[in-house]
Amino acid sequence: MLRSRATIQIKVKLYVGLDSRARIASYDPQDGIDLDIKENTPVKKVLKRIGLKRQLSMVCFVNGEKEGFNYRLKQGDVVFLMKPASGG
């Protein structure tokens, strides 16, 4: 018998111009966006849901720790997505 995965809530915050590329109406960078997803959903599926294409230059942090895009999300996770900045 297949067991249904629970629905969980996560927060996603976008930085360094990613907010303008995402399909999120009235995105507030201070608050981010709360999403309801299935437990153990990988970060890459969240990207697709908010209209972002994974880029080689994109970096992902979950709860302050650098993670890969296959990281499976849990209840209350906070996902930070950004493009590395450079300059001098």
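Trainee: Let's start with a pairing. Which residue in β2 is the bridge partner of Lys-11?
Mentor: Asp-34 is the bridge partner of Lys-11 in β2. Keep in mind that this is a predicted model.

Trainee: How many bridges join β1 and β2, and in which sense do they pair?
Mentor: Six bridges, in the antiparallel sense. Strand β1 covers residues 7–14, and strand β2 covers residues 33–38.

Trainee: And β5, in what sense does that pair with β1?
Mentor: Parallel, over four bridges. Strand β5 takes in residues 78–82.

Trainee: Where do side chains point in a strand?
Mentor: In a regular strand they alternate between the two faces of the sheet.

Trainee: New topic. Where does Leu-47 lie?
Mentor: In helix α2, which spans residues 43–49.

Trainee: Is Leu-47 buried or exposed?
Mentor: Buried. Its relative accessible area is 1%, and the cut-off for buried is under 20%, so Leu-47 qualifies.

Trainee: Which residues does Leu-47 touch?
Mentor: Leaving out residues up to four places away in sequence, Leu-47 touches Leu-52, Arg-54, Met-58, Phe-69 and Leu-81.

Trainee: Take Met-58. What separates its C-alpha atom from that of Leu-47?
Mentor: The two C-alpha atoms are 11 Å apart. Along the chain, Leu-47 and Met-58 are 11 residues apart.

Trainee: Zoom out for me. How many helices and strands are in the chain?
Mentor: Two helices and five strands. Read along the sequence, the pattern is β-α-β-α-β-β-β.

Trainee: Why call the chain as compact as a globular protein of that length?
Mentor: Because its radius of gyration is 13 Å, close to the 12 Å that the globule rule gives for 88 residues.

Trainee: What box do the C-alpha atoms fill?
Mentor: Roughly 55 × 25 × 20 Å, taken along the principal axes.

Trainee: What share of the residues counts as buried?
Mentor: 33% of the 88 residues. The accessible surface comes to about 6000 Å², and 49% of that belongs to carbon and sulfur atoms.

Trainee: Last one, the charges. How many positive and negative ones are there?
Mentor: 17 positive and 9 negative, with mean positions 11 Å apart.

How values were computed:
Residues numbered from 1 in each chain as written. Predicted model: local features only at pLDDT ≥ 70, side-chain atom pairs only at ≥ 80, totals over all residues. Heavy atoms only, no water. Pairing = 2+ DSSP bridges. Buried < 20%, exposed > 50% of the residue type's maximum accessible area, 1.4 Å probe, protein only. Contact = heavy atoms within 4.5 Å. Rg over C-alpha atoms; globule rule 2.2 N^0.38 Å. Areas by Shrake-Rupley, 256 points an atom, 1.4 Å probe, with all protein chains shown as cover. Lys, Arg positive; Asp, Glu negative; His and termini not counted. Charge placed at Lys NZ, Arg CZ, Asp CG, Glu CD.
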